[in-house]
Amino acid sequence: MMSMNPIGGRWKSPMEPAKSNGSEDTNDRVNILLVDDQPAKLLSYEAILGDLDANLIKASSGTEALEHLLKHDIAVVLADVSMPGIDGFQLADMIREHPRFQKTAILFISAIHLSDIDRIKGYQRGAVDYLSVPIVPEVLRAKVGVFAELHRSRRALEALNRNLEQRVTDRTEELRERADLLDLASEAIMVRDMNGVVLFWNSGAETLYGWTREDVIGQDLHTILSTRFPVPVSDIESSLLKTGRWEGNLVQFTRDGREVTVACRKALRNERAGAPGVILEISRDMTERLRAEDALRNAEKLAAMGRVAGIIAHEINNPLEAILNIFHLLRGHVALNEEAADYTRLAEQELLRVVHIVKHTLSFYRESQQPVAVSITEVLDNILELQSRTLHLQGISIERRFLTDATIQGFPGELRQVFMNLIVNATHAMPDGGRLRITVRRRVDPKTHLRGMAVSVCDTGTGIKREHIRQLFEPFFSTKSAKGTGLGLWVSKGIVQKYDGAIECRSISYRDGNATCFRVVFPRHISMRQIHSDAAYSAQES
Amino acid sequence: MSERKFVILCVDDEPVSLLVRSRVLEKAGHEVITASSGSDALKTLRSTPVDLVLTDLLMPTMTGIELTRNIKKEHPSLPVVMFSGVNELPQEEFHADLFLSKLEGPQILCEKIAEVLHRSEYARNHP
């Protein structure tokens, strides 16, 4: 019969000023709502409860009381049972209906009848009590005081709880952020105890070394990584003890056996407050950077040598041609006796060796002026056909994996020279037979997104020692002792670089043998379709 | 008819190279006249009929490329073979009929020259 709606509309209308305002609500003082239709009684309650440290809010009807309840946090409702309109019990019904007020203490004031006491029992869910008239001021004060105190305590407890929950949430968030930060770092972040046992291992370390947290926690850090220190370990330890810090480059090995060079910073955190001392290590992978710097230095060196070679070539070729011609004229010359003719022949042979070296290193010239579309697979097929007899005799099987027929714009002769070198080298590396695998595939450069191709020539031959790999592309370096000039790969590299390409070598040895792989990367290719359209275009032009 | 001696004008600023190259061409059955510079060569061409010009690329006053351009202006059908010791072909356009490296050696030089001569003679006889 009584919905909240009829009063709802009146909430916002100007009311008789409440005895309390919002700001007092938030203080420790609790609110006590006095409800009675007789102003004189309200005044007398006010007088009795004036001593309590509480805000007294007066309402002259049930409706008004509900409005105050909705606006304020009320600790105790002191209500007259018999009021016109909504009486005390009806008011209590409505209060209890609302979930927020189920625990609000209600204190009835009434001339008590037996039936009233029964009704009061119906409200036992919350704190309910009653006072019969005539009111004894001390009793009223005491009862209201107890309820008020109860409310105050509960509110404090709730606040404490909320605060605690908030702090737990905040702290959890903070820890999570810190953990995220540690994992976000691309550096490997590790914590180990004074005996070297790993206590913490972030995802950067997982990425860098390939070992997961589960793999390494509890293990010895530098045993797992086979760390090679640049200075004696005792020096590092004494530096840590003295200054608390150490910095330097370490050579370590990843899970799959790859060697990495890391810039490592160590910090000692001393034992404190019962927590044992630990060493923090942060390592950044420098391998690629060092390799790139190395490559740059090498490229600069080679470029410088290339310039020198060009100058020398020019200066040498003129007299060389003259000498070649002279020997040609001497050949079969009537004035030479047999001995002199022999010497001349020998001299010419030796000269031809010089010419060969010069021609293949210092002065390879391009056979046509304009670059043309060169099919790499055709070039490779061609070389393999030429070499097929040698390969067959040596017991070498050939595996062609031509995954693209894309072409590149260039000069067929020099490209042939590159792959001829690689294939002949592979053949030399397999005197007792083996497998030669040639792969041609498309390749998109991860940095420039240029569409190019990669050609690898792999053999199962004698392998190349790690310390030799760096020197492979240097001039006059050969692993074939007297057999090689040590110029083939140097020249090949020079040619590949003219195409903005790169050539690299990897050689690994395993139980049953070795695998050596040379990979040539050309950053740009043109598709077959493009060649046709280019041809159509130039046909239109001419 | 192909037995007749061809006349080759050999141009080079280096006297030793010029001398021995001429002997090689003579040994191959050609008649050789020489010039030590581009202007020298152009002068000779105005007075003497020649079947082929073999010129060095790098010469001090007039390069082989300039010489070739001038020759082709006055004698468009006269074959010119350019000869060089440098690594790469010149970037600029040249109008020579053939470009040869000095390191190819006398044998190849003679073979290539014979090819060019026969091609140009065939063209002359079958206009």
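Of the 127 residues in chain B of this predicted model, 36% are buried, a residue being counted as buried if 20 or more other C-beta atoms, placed from the backbone, lie within 10 Å of its own. Among contacts in chain B between residues at least 6 apart in sequence, 58% join residues at least 24 apart, where a contact requires C-beta atoms, placed from the backbone, to lie within 7 Å. Chain B holds four helices and five strands, which follow one another along the sequence as β-α-β-α-β-α-β-β-α; helices (H or I, at least four residues) and strands (E, at least two) are DSSP runs numbered from the N terminus.

The model is predicted, and local features need pLDDT of at least 70, side-chain atom pairs count only at pLDDT 80 or more, and totals for chains, interfaces and linings use all residues. Residues are numbered from 1 along each chain as its sequence is written, while chains are lettered from A and ligands numbered from 1 in the order in which they are written.

In chain A, an open sheet of mixed pairing is formed by five strands in the order β12-β14-β15-β17-β16, two strands being paired if DSSP finds at least two bridges between them. Its edges are β12 (396-402) and β16 (502-510) of chain A, each of which pairs on one side only, and the twist from one strand to the next averages 15°. Seven bridges join β12(A) in the parallel sense to β14 (residues 434-444) of chain A, and I396(A) has G434(A) of β14(A) as its bridge partner.

Helix α15 (residues 412-429) of chain A packs on this sheet, where α15(A) touches β12, β14, β15 (451-459) and β17 (513-522) of chain A. The direction of α15(A) makes about 25° with that of β15(A), with axes fitted to C-alpha atoms, for helices over the stretch in contact, and angles running from 0 to 180 degrees between N-to-C directions.

Conventions. A residue is buried if 20 or more other C-beta atoms lie within 10 Å of its own, exposed if 12 or fewer, and partly exposed in between; C-beta atoms are placed from the backbone. Two residues are in contact if their C-beta atoms, placed from the backbone, lie within 7 Å.
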